[in-house]
Amino acid sequence: MRTTGIIAEYNPFHNGHAYQIAKAKEMTGADYCIIAMCGDFVQRGAPAVADKYLRAETALKNGADLVLELPVYYALGSAEYFASGAVALFDRLGIVDALCFGSECGDYGLLARVAHILADEPEGYRQSLKQALKNGMSFPLARQKALKEYLQDESLDLVLEQPNNILGIEYIKALYQRKSPMKSYTIKRMV
């Protein structure tokens with residue numbers, strides 16, 4: 001028996017979410033899909049457009065097998081806390097084999113490379129970040145600049161400015177830092 005996990009807001013649930021659930025099961029060969037979903041408030045602190053019970057019911061009617069509420073502390077946090085809380089929830093269940101998430105780029109290798117740099121903070125990256133912060137840049141912009149310099153890749157702006165790519169990087173980083181046995185997969189988001 002294989003189980004895949006998806007971290008979601010479903011604010012509101014739409015056809016792309018139904019596609020993601022079906023595709024996640026297909027990609028991972030999962031028999032079951034568990035959703036870690038925000039409750040009444042979503043990641044950026046806004047109230048959800050529909051209550052959590054309706055959103056959970058809709059997910060269950062569209063292929064999810066279980067919906068768990070992500071504790072509000074994590075649901076309202078930054079991408080890093082949002083991801084670490086949801087990954088910890090799945091990891092502690094002990095039955096989730098894979099984590100599947102949507103991303104704008106669909107390039108798992110690139111997202112994983114960035115995630116490992118952020119987790120390990122190699123010296124070259126750390127020095128670039130420190131210098132950018134010293135020059136007065138905000139942390140997100142300094143981090144983006146340091147990653148581009150460290151990877152010598154100017155095209156990273158397209159990846160690092162898109163919200164689902166950022167969350168995907170944080171999911172991979174959280175799995176890596178926890179030394180979780182869960183495998184992770186990305187599905188390219190459709191427009």
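Start with helix 4 (residues 79–93) and helix 9 (residues 163–178): select both and look down on the spot where their axes come within 8 Å and cross at roughly 50°. This is a predicted model, by the way. At that angle, helix 4 and helix 9 are oblique to each other, and the crossing is right-handed.

Now show side chains at the contact. On the helix 4 side, pick A79, E80, F82, A83, S84, V87, A88, D91 and R92; their partners in helix 9 are I166, L167, E170, Y171, K173, A174, L175 and R178. Colour this contact by class and you get 10 nonpolar, one polar and six charged residues.

Select the five strands: they form an open sheet in the order 3-2-1-4-5, with parallel pairing. At the edges sit strand 3 (66–69) and strand 5 (183–188), each pairing on one side only.

Zoom in on strand 2 (residues 32–37), which pairs with strand 3 in the parallel sense over four bridges. Click I34 here, and you'll find L66 of strand 3 standing opposite.

Helix 2 lies across strand 2 and strand 3, and runs at about 155° to strand 3.

To finish, bring helix 9 back. Which strands does helix 9 touch as it packs on the sheet? Strand 1 (3–8), strand 4 (98–103) and strand 5. Line helix 9 up with strand 4, and their directions make about 160°.

Key: Residues are numbered from 1 along each chain as its sequence is written. This is a predicted model: local features need pLDDT of at least 70, side-chain atom pairs count only at pLDDT 80 or more; totals for chains, interfaces and linings use all residues. Side-chain values use heavy atoms; hydrogens and water are left out. Axes are lines fitted to C-alpha atoms, for helices over the stretch in contact, and angles run from 0 to 180 degrees between N-to-C directions. Helices (H or I, at least four residues) and strands (E, at least two) are DSSP runs, numbered from the N terminus. Angles under 35 degrees count as roughly parallel, over 145 as roughly antiparallel, 65 to 115 as roughly perpendicular and the rest as oblique. A crossing is left-handed if the near helix is turned anticlockwise from the far one by less than a right angle, and right-handed if clockwise. Contact means heavy atoms within 4.5 Å. Ala, Val, Leu, Ile, Met, Phe, Trp, Tyr, Cys and Pro count as nonpolar, Asp, Glu, Lys and Arg as charged, and the others, Gly among them, as polar. Two strands pair if DSSP finds at least two bridges between them.
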